[in-house]
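Here are some notes to read alongside the model. I hope the numbered points are handy as you look around.

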Amino acid sequence: MTKSGSQSCSMALLVCYGFAVLSLGCGGNSYGPTGKVGGRLTLAGKPLAPGHAVSFMQMEKGFLAFGLTDADGDFMLNSWNNGAMPVGKYKVMIAPPPPGPHDPNQMTAEDRFEKPELVEPAGKAEFPKKYRDTTTSGLEFEIQEGMNMFPIDLTP
């Protein structure tokens with residue numbers, strides 16, 4: 001499998017894991033008070049390219065929510081219940097945007113999985129690899145009731 005193919009598989013596994021975790025809690029809001037999360041993702045004060053995934057995870061309650069950055073680095077987390085997240089501490093990880101196809105007009109989603117050699121390899125990550133895992137990122141935030149805005153500035 002090519003490097004870009006394994007990255008696509010990694011992203012697909014993350015999404016599947018997220019759906020599995022989310023499906024455990026779909027029986028209603030038994031979490032108590034909730035809050036919503038947004039913020040800005042930067043590297044040394046400068047926004048990263050659009051499409052970075054910011055994921056908040058709380059394994060104790062089986063909750064995961066994520067959002068994608070825009071051109072300014074801004075993000076809003078979303079989840080199965082419109083982004084309402086149980087209050088508490090969350091570990092955070094960042095994932096780079098997936099690599100793009102050689103010719104976006106000629107490639108379908110099915111092609112991406114059946115023909116990984118046609119997918120451009122991801123360039124050098126804009127941020128250190130440690131941020132791609134909740135156990136090494138060092139990023140943890142306390143979500144309170146209501147709207148929570150977290151600036152996340154990664155260090156090179």
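**Notes on strand pairing and the aromatic cluster**

1. Let me start with β7 and β8, which pair in the antiparallel sense over 5 bridges. Strands here are DSSP runs of E with at least two residues, helices are runs of H or I with at least four, and both are numbered from the N terminus. Two strands pair if DSSP finds at least two bridges between them. Across this pairing, Tyr90 stands opposite Phe141 in β8.

2. A word on the basis: this is a predicted model, in which local features need pLDDT of at least 70 and side-chain atom pairs count only at pLDDT 80 or more, while totals for chains, interfaces and linings use all residues. Residues are numbered from 1 along each chain as its sequence is written, and side-chain values use heavy atoms, with hydrogens and water left out.

3. β7 also pairs with β3, again in the antiparallel sense and over 5 bridges. Here Val54 has Ile94 of β7 as its bridge partner.

4. Now to the rings: the structure holds 5 aromatic pairs. Rings of Phe, Tyr and Trp (its six-membered ring) pair if their centres lie within 6.5 Å; planes under 30 degrees apart count as stacked, over 60 as edge-to-face and the rest as tilted. Phe56 and Tyr90 make a tilted pair, at 6.3 Å centre to centre with 50 degrees between the planes. Phe56 lies in β3 (residues 53-58) and Tyr90 in β7 (residues 88-95), so this pair ties together parts that are 34 residues apart in sequence. Phe56 and Tyr90 are both buried.

5. How are Phe56 and Phe141 arranged, stacked or tilted? They are stacked, with 5.8 Å centre to centre and 25 degrees between the planes. This pair links distant parts of the chain, since Phe56 is in β3 and Phe141 in β8 (residues 139-143), 85 residues apart. Both of these residues, Phe56 and Phe141, are buried. Together, Phe56, Tyr90, Phe141 and Phe150 form one aromatic cluster.

6. Of its 156 residues, 38% are buried. Among contacts (heavy atoms within 4.5 Å) with a separation of 6 or more, 67% join residues 24 or more positions apart.

Key
Buried < 20%, exposed > 50% of the residue type's maximum accessible area, 1.4 Å probe, protein only.
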